[in-house]
Amino acid sequence: MAPTRDMECLRGMCEAAGRVILDLYEAGVEVERKSDESPVTEADRRAEAVLLEALATAYPGVPVVAEEAAAAGRIPEIGDRFFLVDPLDGTREFVSGRGEFTVNVALVEHGVPVLGAVYAPATGGMFVGATDAGAFELAGGGWKRCQVRMPAHEPPVALASRSHADAQTEELLGALGVRERVSVGSSLKFCLLARGEADFYPRFGRTMEWDTAAGHAVLTAAGGVVTGIEGTPFRYGKRNQAHDTDFANPGFLAAGDPALIRGASTQVEGVKAL
């Protein structure tokens with residue numbers, strides 16, 4: 001099997017956005033701060049413009065929730081089908097000169113990411129996935145199917161964020177007997193799970209839906225699973241304007257082997273008390 005036409009479509013627009021990002025990455029960009037103190041650059045804005053134009057052409061009429069537009073208050077009405085866009089996930093990695101930043105695009109249907117693409121412009125890494133067609137990585141000039149590692153290693157190999165370490169994560173990994181971990185930025189963590197290079201990625205801190213949806217789609221297409229911290233379904237399209245939490249995620253657990261989720265969720269109550 002090979003990637004579908006929709007996967008190839010997302011691939012093309014992500015690569016176009018990536019070219020814009022790399023031009024600015026090599027030239028150097030000024031960093032600004034959004035209202036929540038997170039960094040933003042001209043690369044975020046220009047890449048988002050490329051993606052929004054491409055999505056409007058390829059999928060007319062499908063709403064798009066994009067990070068920078070949302071930060072400016074431009075959030076469309078969404079129904080059961082919409083796109084989530086993060087034009088530059090891992091802005092801290094981008095600013096620091098590390099190549100672990102990605103372009104993320106995902107299609108959500110009925111609260112579930114069913115199609116996604118994650119592109120790492122600095123390395124050329126491209127991952128695509130769809131729930132009805134599987135997950136693929138572009139490597140060596142051709143597509144290679146991605147499959148999670150199942151059963152997981154014993155003890156499991158865990159993934160951790162470079163920029164968002166916390167005591168709860170450390171406590172949970174210790175409770176699960178994790179001795180090996182890989183630190184990597186952005187949504188590439190989901191892709192390493194999808195590729196079978198690691199087993200488990202817990203996240204207690206706040207993320208936004210556009211941070212996770214594309215990686216979530218790739219991982220589930222590769223046979224993995226993403227749940228809430230307690231093992232509950234992890235859904236998209238959350239709105240709560242009264243509390244300024246539009247499209248904000250709770251904590252989550254991501255794994256290749258569902259047995260890891262079951263084991264981790266039994267440890268969560270004690271960890272959450274920290």
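Pro155 lies in the loop between β9 and β10; strands are DSSP runs of E with at least two residues, helices are runs of H or I with at least four, and both are numbered from the N terminus. This is a predicted model, in which local features need pLDDT of at least 70, side-chain atom pairs count only at pLDDT 80 or more, and totals for chains, interfaces and linings use all residues. Residues are numbered from 1 along each chain as its sequence is written, and side-chain values use heavy atoms, with hydrogens and water left out. Here is a quick tour to follow on the structure above.

**The sheet**

- Seven strands form an open sheet with mixed pairing, in the order β3-β4-β5-β6-β7-β8-β9; two strands count as paired if DSSP finds at least two bridges between them.
- The edges belong to β3 (64-66) and β9 (142-146): each has a single partner strand, so one side of each has no neighbour in the sheet.
- On average, neighbouring strands here are turned by 20° against each other, ignoring direction.
- Follow β6 (residues 112-120) and β7 (residues 125-130) to see an antiparallel pair joined over 6 bridges.
- Within that pair, Ala117 faces Val128 of β7.

**Helices on the sheet**

- Helix α2 (residues 42-58) packs on the sheet and touches β3, β4 (81-89) and β5 (102-109), where contact means heavy atoms within 4.5 Å.
- The direction of α2 makes about 150° with that of β4; axes are lines fitted to C-alpha atoms, for helices over the stretch in contact, and angles run from 0 to 180 degrees between N-to-C directions.
- Helix α7 (residues 209-221) lies across β3, β4, β5, β6, β7 and β8 (134-139), and runs at about 100° to β6.

**How α1 meets α2**

- Helix α1 (residues 5-27) packs against α2 at an angle of about 160°, and their axes are 9 Å apart.
- That angle makes α1 roughly antiparallel to α2, a label for angles over 145 degrees.
- The crossing of α1 past α2 is right-handed, meaning that the near helix is turned clockwise from the far one by less than a right angle.
- Residues on the α1 side include Cys9, Leu10, Met13 and Leu24, while those on the α2 side include Glu42, Arg46, Val50 and Leu55.
- By type, the residues of this contact divide into 16 nonpolar, no polar and 2 charged.

**Backbone spots worth a look**

- Two cis peptide bonds are found here: one joins Met150 and Pro151, with omega about 0°, and another joins Glu154 and Pro155, also with omega about 0°.
- Pro151 sits in the loop between β9 and β10 (157-160).
- His110 is not a glycine, yet its phi is positive at about 55°; this residue is in the loop between β5 and β6.
- His110 counts as exposed at 59% relative accessibility, the cut-off being over 50% relative accessible area, with buried meaning under 20% and partly exposed in between (1.4 Å probe, protein chains only).
- Ser186 also has a positive phi, near 60°, and lies in the loop between β11 (180-183) and α6 (188-194).
- Ser186 is buried, with a relative accessible area of 12%.

- Leu159 belongs to strand β10 and is buried, at 0% relative accessible area.
- Setting aside neighbours within four places in sequence, the contacts of Leu159 include Val182, Lys189, Leu192, Phe200 and Tyr201.
- Between the C-alpha atoms of Leu159 and Val85 there are 23 Å, and the two residues are 74 residues apart along the chain.

Key:
Parallel < 35°, antiparallel > 145°, perpendicular 65-115°, else oblique. Nonpolar A, V, L, I, M, F, W, Y, C, P; charged D, E, K, R; others polar.
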